[in-house]
Amino acid sequence: MSFSHLNIFRCCTSSPPGKDLLSQVEEKTAGLNFEATKQRIKKMFNKVDLSVSSYDTACVAMVPSPNSVKDPFFPACVNWLLDNQLHDGSWGPPDLHPLLTKDALSSTLVCILALKRWSVGDEQINKGLHFIESNIAAATDEEKPSPVGFDIIFSAMIESAMSLNMNFLQGGSTLRALFHRRDFELKRGYGSNSEGKNGSLFNSPSTTASAFTHTKNAGCLDYLHALIEKFGNAVPTVYPLDHYARLSMVSTLDSLGIDRHFREEIRSVLDKTYRCWLQGDEDVFSDAATYWLNQFSEDNFCDSLGGYLRDTDAALELFRASQVIIHPDESVLEKQNCWTSNFLKQEFSHNKTQPHRVNKLIGLEVDDALKFPSYATFSRLSSRRVILSYNTNSTRILKSSYRCLNIGNEDFLKLAVEDYNMCQSVYQEELEHLSRWVVESRLDKLKFARQNLAFCYFTAAGILFTPELSDARRSCTKNAVLVTVVDDLFDVGGSEEELINLIQLVEKWDVTPRADSCSENVEIIFSAIKSTVGETGINAFARQARGVTNHVIEMWLDLLKAMLKEAEWVINKLAPTMEDYMDNAYVSFGMGPIILSTLYLVGPKLSEDAVQSLEYYNLYRLMSTIGRLLNDLVTYKKEAAVGKLNAVTLAVIHGNGSVTKEEAINETKSIITSKRRELQRLVLQDKDSAVPRACKELFWNMGKALNLFYGKQDGHTSHDMMKYANEVNEIPIILNELQSRK
């Protein structure tokens, strides 16, 4: 059914009275809900919301008064323990995940010890002991997640309980196994001393309470008083957590594709964090992943991480950070990337056999991270994957479990889904317009040419996804379609006369296509190029306040001449030097009309000086070289079969027998890696930069798209790419389906 027939069908279908008004009301309501969700998230930047911890509250409750060791220093905490035991006899969150039994055991036992210390709550103590006896087998169950230091801490508490004549009649063999594990962990030699400026040890209420009990340190007491003043009669498992929580928000909003709605808040967080980093603020370095990035030595890197990182989330953060390699020799990050990659592969394999994880979606997240490196994806596709694997359960585990709504939140998911589907509706309207353009331009009449509008638009939407960039997406898509058509003309569809005629028409420009074209194919192609360049020039003038049409014409002329040179090499059976090939290949790859013209439509002013700068040239050449070499890797067999040469076959030819095909492939991959790092370094460079950051990011994002497009096979023929295109262009995300996975 054509678009016109579909519209007629819609108009003729009967609808209930007031449907248009109802639609308007629904749209307005949806808009209000969208804004309300945004405002709730904005407020979260001002407050870090932490859950209370039974474990840490019990530790604070055990601190004796300085006036009498028989009385608690913080009686309100003791009363909280008496009032907050769960019906099964345990202490902890009422909706604790069934797999977190060890956390419940640890929290319950420390609460029992706290009540026993002050000789109160006999009924609660007996119920708690019954819970522990009933679940003691879980203490050595390796399938259940362990709080940090569980084997050591829980064993010590068991011994303390036994010294107070609290015997555990059940589970004798389990206790022996637990003490054995405790001894093994102690031999590993963990441990450090770290008193913070706020008086705490490791920002941990429980550890600080224990330290004060033994040392009477004034700083520890100040920290505990501050906790009670802020949180009342129950304390969290870690405090403060402000830097980590807010940075997690920034990371989450970015990965979900909704960070643009919170630019001011995000900038404030990043500026503050950077200032604290420069000042050596201890809170910035308190997070586990940050700590290990700054503390490990290269010699024992793998051993140190292997002993500490049992948490897939932390390893995943390290893996992602290790992919940002921008200098030629960064062996530390390379080692980190290798280790975390292997760790995650093992964990993912393990997760396949254990579907009942605390975070059931972590497998999806790990799989995506391993399949799609940060340099081989783009925002819309990446955001979709993050949305589908997003876990709104914010439970994290330190010495005990805790939740922070700034880290996992239903509003994040809700806004991300609404935003994704809103953008997709814009894409579908634009695709309809572009489909009509293909027909009106008669490009569908060119039987030799690939019809790849969906792929071209998928790429444009992937790297220019925000609704306001409509002109840029359309220009990028039209030019990509035309570059593909011209490439097919030069490869298979055109005679030498037609190729030269097309170049002559672009050189003259102000000609009548029908009168000056040597064939209908040339007329169709030139007419489409001319109208697209004219449209780009008009839209660009509105943003740049200067004419750029001549520059866009030059892009097309450079491309056509480069393609002709390649065609002449094939016709004359010439093997150019690798230098000559690459000097021409980065232009013939076709990114000039696609990306350089789009730069004028992405927002910021792009001055003539910037366009003429070495920085601009290097960005263009690096991006195009990466794309050309990636393409050569996946097409060299097909091109060799029709007499075309590329980087791989030329390396073998000019090696005169000393270079094998495998060696040529490996060398090409090495060059791609080097060029990719150089491109990212140039994009991130701020000092003395002439090209606006938004323009530089377009080069990088297109490079990422090319890595995805040609990562394993030619994207034009890849079933995976067809699937990705449909996901971005057509298939909405259903919020109810995501929420039902809980």
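Is Glu430 buried or exposed, and at what relative accessibility?

Guide: Glu430 is buried, at 2% relative accessibility. Here buried means under 20% relative accessible area, exposed means over 50%, and partly exposed is in between, with a 1.4 Å probe and protein chains only. Keep in mind that this is a predicted model, where local features need pLDDT of at least 70, side-chain atom pairs count only at pLDDT 80 or more, and totals for chains, interfaces and linings use all residues. Residues are numbered from 1 along each chain as its sequence is written, and side-chain values use heavy atoms, leaving out hydrogens and water.

The partner of Glu430 is Arg473, and their side chains form a salt bridge at 2.8 Å, N to O (a side-chain nitrogen of Lys or Arg within 4 Å of a carboxyl oxygen of Asp or Glu). With Glu430 in helix H19 (residues 410-440) and Arg473 in helix H21 (residues 470-493), the pair links distant parts of the chain, 43 residues apart. Helices (H or I, at least four residues) and strands (E, at least two) are DSSP runs, numbered from the N terminus. Arg473 counts as buried because its relative accessibility is 0%.

Zooming out, the structure holds 28 salt bridges. One of them joins Arg403 and Asp95 at 3.0 Å, N to O. Arg403 lies in strand S2 (residues 401-403) and Asp95 in the loop between helix H4 (75-83) and helix H5 (101-117), so this pair ties together parts that are 308 residues apart in sequence. Arg403 is partly exposed at 29% relative accessibility, and Asp95 is partly exposed at 47%. There's a network too: salt bridges link Arg442, Arg514, Glu520 and Glu523.

Since you asked about surroundings, here are the rings as well. A pair of aromatic rings is described by the distance of the centres and the angle of the planes. The whole structure has 16 aromatic pairs; rings of Phe, Tyr and Trp (its six-membered ring) pair if their centres lie within 6.5 Å, with planes under 30 degrees apart called stacked, over 60 edge-to-face and the rest tilted. Tyr586 and Tyr617 have centres 6.3 Å apart and planes at 85°, so they are edge-to-face. Tyr586 is in helix H26 (residues 578-588) and Tyr617 in helix H29 (residues 614-641), so parts 31 residues apart in sequence are tied together. Tyr586 is buried at 9%, whereas Tyr617 is partly exposed at 33%.

Tyr616 and Phe699 are edge-to-face too, because their planes are at 90°, with centres 6.3 Å apart. Tyr616 in helix H29 and Phe699 in helix H32 (residues 693-709) are 83 residues apart. Both are buried: Tyr616 at 4% and Phe699 at 0%. Ring pairs also link Phe455, Phe589, Phe709 and Tyr710 into a cluster.
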